[in-house]
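Visitor: I would like to learn how to read a fold from a model, one feature at a time. Could you take me through this one?

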Amino acid sequence: MSLLKRIAREVLGEDDVWGRIDVVGDVALVHRKFGYPLEKLELLGRELVKRMPGIRAVWAIEPGTKPPYRLRDLVHLAGERRTETVYREHGCEFLVDVRKVFVVPRLSGEHLRIAELVEPWETVFNMFAGAGLFSIIIAKRKGAKVYSVDINPDAYWYMIENIKRNKVEDKVVPILGDAAWVSYWLKGSADRVLMPLPELAPEYLDYALLSLRYPGRLHLYLHVLVRRGERPKTATLRAGLPLVESKCSSFEVEGVRLVRTVGPRVAQTVIDLKLSKCSPSPRLGKPHQQREFL
Ligand SMILES: C[S@@+](CC[C@H](N)C(=O)[O-])C[C@H]1O[C@@H](n2cnc3c(N)ncnc32)[C@H](O)[C@@H]1O
């Protein structure tokens, strides 16, 4: 058991009813389950700061994320009242503010997995880039060109800072805006598209297909409801395949993976696709609705 978990068990004496703890740089984020008393989490926060030298600030994350930037409400528990920190992953360094941009250390394995799939000659379109983690790790490890888009001005600011910190200015192109608009600009030029925002990926599939040069690769992230007795992989194909089949007449599923569980019976998953023939019908200007689950 990790030291973090041991301290949590010692202080709270309960079995995970308080939620989960993520550590981003020197900031610990305690996921508070609905209605769990804050005073108890403050005790935990003080203990974490006292016993873990790497942790300088502890915040509670309130349940749920808010569209469109996927930010969470934070409540201070202990230590410094600071939310900006330096976070390291796979030999790269990221300055992030956990209040202003979406950062989840549990995606670390997925960042590396995707980077390993990329070839150096590829042009990659990261539609929902946040502070640039996928984009920068891909550029740093593979030297590929990445168009890295986010609609949140704070995420864009941190992305620019992180591109400089990791010296990939010649590889990563930061873009502030809606990925839908950028897909018109990239039309037919991307070898690989990343859609790491499950709430919006189905809605934006046409834009991703528009940006691709065929054959091309697509990583479609989804939130799926996993039925009783069902495997996440089956649930993903049940939800994702009809979407792809409705737009592509020739494609191959190269992989299906569980990325993380996000709630009781709800999983974030990804389908890796090689697409050979698709007929996107993007309709810019139509108000889109964010879809939570398929
Ligand atoms: C899940 S986060 C990205 C996390 C990031 N890929 C990582 O691994 O750290 C999704 C991001 O999509 C951005 N976003 C939401 N709607 C968007 C849109 N229409 N176009 C571009 N970015 C968008 C949000 O601001 C948010 O930063």
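Guide: Let us begin with a helix, bearing in mind that helices (H or I, at least four residues) and strands (E, at least two) are DSSP runs numbered from the N terminus. Helix α4, residues 133-142, is mostly covered, as seven of its ten residues are buried, where buried means under 20% relative accessible area with a 1.4 Å probe and protein chains only. This is a predicted model, in which local features need pLDDT of at least 70 and side-chain atom pairs count only at pLDDT 80 or more, while totals for chains, interfaces and linings use all residues. Residues are numbered from 1 along each chain as its sequence is written, and side-chain values use heavy atoms, with hydrogens and water left out.

Visitor: Which residues of α4 are buried?

Guide: They are Leu-133, Phe-134, Ser-135, Ile-136, Ile-137, Ile-138 and Ala-139. After α4 comes Gly-143, which has a positive phi, near 70 degrees.

Visitor: How do I read the pairing of β7 and β8?

Guide: Two strands pair if DSSP finds at least two bridges between them. Here β7 (residues 123-126) and β8 (residues 145-150) are parallel and share four bridges, with Asn-126 opposite Ser-148 of β8. The chain passes from β7 through α4 to β8 in a right-handed β-α-β crossover; right-handed means that, with the strands pointing away from the viewer, the path from the first strand over the helix to the second runs clockwise.

Visitor: What is the order of the strands in the sheet?

Guide: The open sheet has seven strands in the order β9-β8-β7-β10-β11-β13-β12, with mixed pairing. Its edge strands, each pairing on one side only, are β9 (172-176) and β12 (248-263). Between β8 and β9, which run parallel, there are five bridges, and Ser-148 has Pro-174 as its bridge partner in β9. Helix α4 packs on this sheet, touching β7, β8, β9, β10 and β11 (212-225), and its direction makes about 170 degrees with that of β8. Contact here means heavy atoms within 4.5 Å, and the angle, on a scale from 0 to 180 degrees, is taken between N-to-C directions of lines fitted to C-alpha atoms, for helices over the stretch in contact.

Key: Buried means under 20% relative accessible area, exposed over 50%, partly exposed in between (1.4 Å probe, protein chains only).
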